[in-house]
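Subject: Structure handover

Hello,

Here is the structure I promised to pass on. Please open it alongside this message.

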Amino acid sequence: MPEAGEETELRAALLRLRRASGLPVVFGGLLSDARHARIAELSGAQTPALRGLMISAGSGLGGKAIALSRPCAVTDYPSARHISHEYDTAVAAEGLRSVVAVPVVVGRTVRGVLYGALREPLTLGDRAFDAAVSAARDVEQALAVRDEVQQLLVSTRERVTDPGTGPGTWEDVREAHRELRALAPRIADPALREELLSACGRLASAAGADRPPAGRPVRLAPRELDVIACVASGATNAATAGRLGLRPETVKSYLRSAMRKLGARTRLEAVVAARRAGLLP
């Protein structure tokens, strides 16, 4: 079943689609299983006819897009011959004629479908079609990031519970910490972002269990800590900028500020001081 955060991503993408395309009606839903998507989000609808509609793979325009894993469009939905017409009653109730449906595909798996529609039988132009494809890509990227975060969180819980003593184990923990920190700013769902940052804190705490008590607590801003985490993995300023979506000059600024707070004169000293302070695993 789709999660609340995933539906938030879908809702935001549909609003962007409506603004970018000029289409008066946009709607969509995520797949609840391998073959069915429920229409959960609508913008511009005048009736509740489409809300909650279950779309089956191969049925109607959206079902065809799901089955073929590619965008599909019709100029006049009621008379279109290359789609089935299981949903004509709901479509007619909303007065839709020209419709485009774009699947949301993560990896090779269809995860949802987005629609844009007109109430006139007009050919959709490139602006509307491109906006629909772009909105679907936005959802795909958001879902891919969420998938990666969930996988890392599972791995993190296992590592914190049983960090082990084998060679490279703590390096794996440190790499997971860096990846989680880098992903955090890309998460729109505040609950998931908070869970991710909490996992980062657990990693740092687990690694620091055997360290001597730190002196006065050091507080770094989130982005300062992101930069130090990348530096700890051996990344250059340019590589850190690429990972975090920042300009190299901005990375340098955060790094200087973090070094000052940590009382460090070099990058290595900053990493060591951050680990002693329990900020990094």
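Below is what came out of the analysis, from the whole chain down to single residues.

Please keep in mind that this is a predicted model.

**Overall**

The protein has 281 residues, and 45% of them count as buried. Its secondary structure consists of ten helices and seven strands. The accessible surface is about 13,900 Å². Carbon and sulfur atoms account for 51% of that area. I also looked at the contacts between residues at least 6 apart in sequence. Of these, 59% join residues at least 24 apart.

**The sheet**

Five strands form an open sheet in the order S3-S1-S7-S6-S5. The pairing is antiparallel. S3 (41–43) and S5 are the edge strands, and each pairs on one side only. Direction ignored, neighbouring strands in this sheet are turned by 10° against each other on average.

S1 covers residues 25–30 and is joined to S3 by three bridges, antiparallel. Within this part of the sheet, Gly28 stands opposite Glu41 of S3.

S7 spans residues 109–118. Nine bridges connect S7 with S6, and the two strands run antiparallel. Val106 lies opposite Thr109 of S7. S6 and S7 form a hairpin with two residues between the strands. Gly107 has a positive phi there, near 65°.

Cys72 has Ala101 in S6 as its bridge partner.

**Strand S6**

How many residues of S6 are buried? The strand runs over residues 98–106, and nine of its nine residues are buried. In a regular strand, side chains alternate between the two faces of the sheet. Both faces of S6 are covered. One side carries Ser98, Val100, Val102, Val104 and Val106, all buried.

**The aromatic pair**

The structure holds one aromatic pair. Which rings make it up, and why does the pair count as stacked? The rings are those of Phe27 and Tyr115, with centres 4.4 Å apart. Their planes meet at 15°, so the pair is stacked; the cut-off for that label is under 30 degrees. The pair links distant parts of the chain. Phe27 sits in S1 and Tyr115 in S7, 88 residues apart.

Are these two residues buried or exposed? Phe27 has a relative accessible area of 5%, so Phe27 is buried. Tyr115 is at 6%, so Tyr115 is buried as well. The cut-off for buried is under 20%.

**Cysteines**

A disulfide is a covalent bond between the sulfur atoms of two cysteines. How many disulfides are there here? The count comes to zero, with a cut-off of 2.5 Å between cysteine sulfur atoms.

- Cys72 is buried, with a relative accessible area of 7%.
- Cys230 counts as buried, at 1% relative accessibility.

Cys72 is the residue that bridges to Ala101 in S6.

**To recap**

- The open sheet has five strands, ordered S3-S1-S7-S6-S5.
- S6 has nine of nine residues buried.
- Phe27 and Tyr115 form a stacked pair, linking S1 and S7.
- The disulfide count is zero.

Best regards

Terms used:
Residues are numbered from 1 along each chain as its sequence is written. This is a predicted model: local features need pLDDT of at least 70, side-chain atom pairs count only at pLDDT 80 or more; totals for chains, interfaces and linings use all residues. Side-chain values use heavy atoms; hydrogens and water are left out. Helices (H or I, at least four residues) and strands (E, at least two) are DSSP runs, numbered from the N terminus. Buried means under 20% relative accessible area, exposed over 50%, partly exposed in between (1.4 Å probe, protein chains only). Contact means heavy atoms within 4.5 Å. Accessible areas come from the Shrake-Rupley method with a 1.4 Å probe; for residues, only the protein chains shown count as cover. Two strands pair if DSSP finds at least two bridges between them. Axes are lines fitted to C-alpha atoms, for helices over the stretch in contact, and angles run from 0 to 180 degrees between N-to-C directions. Rings of Phe, Tyr and Trp (its six-membered ring) pair if their centres lie within 6.5 Å; planes under 30 degrees apart count as stacked, over 60 as edge-to-face and the rest as tilted.
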